[in-house]
Amino acid sequence: MGRASATGSGRYAALIGAGILLSRIAGLIRERIFSHYFGLSDAGDVFKAAFKIPNFLQNLFGEGVLSASFIPVYARLLAEDDERAANRVAGAVFSLLALFVSVLVLLGVLAAPILVDLIAPGFHEEKRAFLTRLVRIVFPGTGILVLSAWCLGVLNSHRKFFVSYAAPLAWNAVMIASLLGFGPRNEPYRLAEITAWASVAGSLLQFLVQLPTTLRLARGLRLYMGRRSPHVRRVAANFGPVVVSHGVVQVSAYIDNLLASFLSTGAVTALYNAQTLYLLPVSLFGMSISAAELPLMSAATGSSGEIAAALRSRIEAGLRRIAFFIVPSIVAFVALGDLVTGVIYQTGRFGRADTLYVWAILAGASIGLLANTWGRLYTSAFFSLHDTRTPLRFATVRVVFATILAYLAAFHIAPAAGVDRRWGVVGLVAASGVAAWIEFALLRRAFRRRISDVPVSSSFLAKLLAAALLAAAVAWAVKLALDVERPLSTGLIAIAAYGGVYLVATRAMGIAEMKSLIDRILSRTSRRS
C-alpha cells in the first residue's frame with residue numbers, strides 16, 4: 001500500500017494544488033486590481049471587513065466542516081460499494097444544509113447592525129453605516145458558497161478534485177470584471193458596493209460550475225431530511241464538534257481583525273493583504289495534501305493495526321511533502337516579502353511604504369506557517385478516525401493562547417517599546433504563529449499516543465533550509481541589480497530566480513520529494529506526447 005497509494009495521493013494532491021493555484025492566481029489578480037483602486041483607504045477597510053463575518057460562517061459551515069463530517073462517512077460507503085446508501089447520505093446532507101443556510105442568511109441580513117459592531121467596533125460612524133450595507137449585500141452569496149462546499153465533498157469523495165478547487169475561478173472572474181468595468185468611473189465607496197454585488201453573482205456561478213459533475217457522479221440523488229439513517233446521524237454527530245472546532249480557529253482570525261480595527265487606518269486592509277499571501281502556500285500545499293489524504297485515509301479498511309500503519313505511512317509522506325514547499329515559502333516571505341507584496345499589490349494608490357508595511361506583517365505571520373500546515377494533516381488523520389473532539393480541544397487551546405498573546409503584543413509590548421501603534425498588527429500575527437506551534441505540538445503528541453510517533457528528519461529540514469537560503473541570496477542579488485521602484489518586473493524576475501535555484505539545489509542534494517516531482521512532470525509530458 002504504500003508506494004501505489006503514495007503515488008495516487010501525490011497525484012490527487014497535484015490536482016488539488018493545480019485547481020487551487022489557478023483560483024489563487026485569479027484571486028491575486030483581483031487583489032492587485034483592488035489595491036489599484038482602493039489602496040489602504042477607508043473604503044478598502046470597510047470592504048475587507050464586510051467579508052469577515054460571512055467568510056467566518058462560510059468557513060465554519062462550508063468546506064472544512066463538510067470535509068471533516070461528510071467525507072469520512074460518504075467516502076467509506078463508496079469504498080464499501082454501497083452507492084445507494086452513499087447517495088441517500090448526500091441528498092440528506094444537502095437538504096439539511098440548504099434549510100440551515102437559508103435560516104442563517106436571513107438572520108445575517110436582519111442582524112447586520114449587530115454583526116457590524118462585532119466585526120469592527122473601532123470604525124467611525126460613516127464607515128460603520130456603509131459596513132452594515134455591505135454585510136447585507138454579501139450574506140446571500142455566503143450561503144451559496146456553503147452549498148458549493150457540498151459539491152466539493154461529493155467530488156472529492158469520487159476523486160474528482162480539480163473541478164471543485166478550480167471553481168473559485170468563476171467567483172474571481174466576476175469580481176475582476178466588476179472592478180475593471182466600474183473602477184475607472186466610480187469613487188471608492190460606490191465601487192465597493194458594486195463589487196459586493198458582483199461577489200454574490202460570482203458565488204452563484206461557482207456553485208453552478210460544479211453542479212453538473214456532482215449530479216452525474218451522485219446518480220439517483222434524492223433530496224430528503226434522512227434523520228432516520230444511521231449514516232446521516234453519524235454525519236450530524238460529527239458536524240457539531242467540527243463546527244465548534246473550526247469556529248474556535250475562526251474566532252482567532254476574527255479577534256485579529258477586531259484588534260486591528262483599533263490600530264490605524266489601513267490596518268485592516270493590510271492585515272487582509274498579508275493573510276491573502278500567507279494563505280497561498282497554506283492552500284496550495286497544506287490544504288491540497290491534507291484534502292487529498294482525507295478521503296484516502298477515511299477509505300482505509302482492515303484491522304486496527306493495518307489502518308494505523310496506513311495512517312503512519314500517509315502522515316510521514318505528507319509531512320515531508322508539505323515541508324518541501326513550506327520551508328522555502330517561509331524564507332521567501334521573510335527575506336523577499338517586499339518583492340512578493342510588491343508584485344501583487346504595489347500599483348495605483350498602493351505605494352512602496354504600504355508594501356513595506358504588509359511585508360512586516362507577512363514576515364510576522366510566517367512564524368506559524370509550518371505548524372499551521374502540518375497541523376492540518378494531523379487534523380485530517382483524526383477526522384478520518386471519526387475523532388472530532390481531539391482537534392477541537394487543541395484548537396481551543398490555540399485560540400486562548402493566540403488571544404492573550406495578541407492583545408499583549410499589540411497593546412502593551414509594542415507601545416512600551418515606543419513602536420508606532422500601526423505596527424501592532426505584526427504582533428497580532430506573530431502571536432497567532434506561536435499559538436499554531438502549541439496546537440501542532442498537542443496534535444502530534446495525541447497522535448503518537450494513539451498510533452505512534454511520525455518524526456521528520458532534522459537533516460532533511462536542514463537541507464531544505466540551506467537550499468532556500470541559497471536561493472534567497474541569489475534573489476537578493478537580482479533585487480539589488482534591478483530597480484525596486486518597478487516592483488512587478490523586478491519581483492517576478494527575482495522570485496523566478498529564487499524558485500529555480502531552490503529546485504536545482506534540492507535536486508543536487510538528492511531530496512526524494514524533488515525527484516518525485518520531476519518524475520511526475522516527465523511522466524505527464526511523455527503521456528501527452
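Arginine 320 is partly exposed, with a relative accessibility of 23%. I begin with this residue in our predicted model and will then turn to its partner. The side chain of arginine 320 meets that of glutamate 513 in a salt bridge, with 2.8 Å from N to O. The two residues belong to distant parts of the chain: arginine 320 sits in helix α14, residues 304-345, while glutamate 513 sits in helix α21, residues 512-528, and 193 residues separate them. Glutamate 513 counts as buried, because its relative accessibility is 14% and the cut-off for buried is under 20%. The value of 23% for arginine 320 places that residue in the partly exposed class.

How many salt bridges does a search of the whole structure find? The search finds 12. I shall discuss two others.

The next pair is arginine 133 and glutamate 193, whose closest N and O atoms are 2.6 Å apart in a salt bridge.

The last pair is glutamate 31 with lysine 48, a salt bridge in which the closest N and O atoms are 2.8 Å apart. Here glutamate 31 belongs to helix α1, residues 2-38, and lysine 48 to helix α2, residues 42-50, so the pair joins parts that are 17 residues apart in sequence. Glutamate 31 counts as buried at 2% relative accessibility, and lysine 48 counts as buried at 2% as well. These two residues are also part of a network of salt bridges that links Arg30, Glu31 and Lys48.

The chain has 21 helices and 0 strands. Of its 529 residues, 57% count as buried. Among contacts with a separation of 6 or more, 86% are between residues 24 or more positions apart.

I turn to the packing of helices. Two packed helices are described by the angle between their axes and the distance between the axes. Consider helix α5, residues 71-79, and helix α6, residues 83-110: their axes come within 8 Å and cross at roughly 160°. The two helices are therefore roughly antiparallel to each other, and their crossing is left-handed. Which residues meet in this contact? From α5 there are Tyr74, Leu77 and Leu78, and from α6 there are Ala85, Ala86, Asn87, Val89 and Ala90. By class, this contact of α5 with α6 has 7 nonpolar residues, 1 polar residue and no charged residues.

A second example is helix α17, residues 389-416, with helix α18, residues 424-450. Their axes come within 8 Å and cross at roughly 155°. These helices are therefore also roughly antiparallel to each other, but α17 passes α18 in a right-handed crossing. The residues of the contact of α17 with α18 divide into 19 nonpolar, 4 polar and 2 charged.

To close, I return to the charged pairs: arginine 320 with glutamate 513, arginine 133 with glutamate 193, and glutamate 31 with lysine 48.

Terms used: Residues numbered from 1 in each chain as written. Predicted model: local features only at pLDDT ≥ 70, side-chain atom pairs only at ≥ 80, totals over all residues. Heavy atoms only, no water. Salt bridge = Lys/Arg side-chain N within 4 Å of Asp/Glu carboxyl O. Helix = DSSP H or I, 4+ residues; strand = E, 2+ residues; numbered from the N terminus. Buried < 20%, exposed > 50% of the residue type's maximum accessible area, 1.4 Å probe, protein only. Axes fitted to C-alpha atoms, helices over the stretch in contact; angles between N-to-C directions. Parallel < 35°, antiparallel > 145°, perpendicular 65-115°, else oblique. Left-handed = near helix turned anticlockwise from the far one by under 90°. Contact = heavy atoms within 4.5 Å. Nonpolar A, V, L, I, M, F, W, Y, C, P; charged D, E, K, R; others polar.
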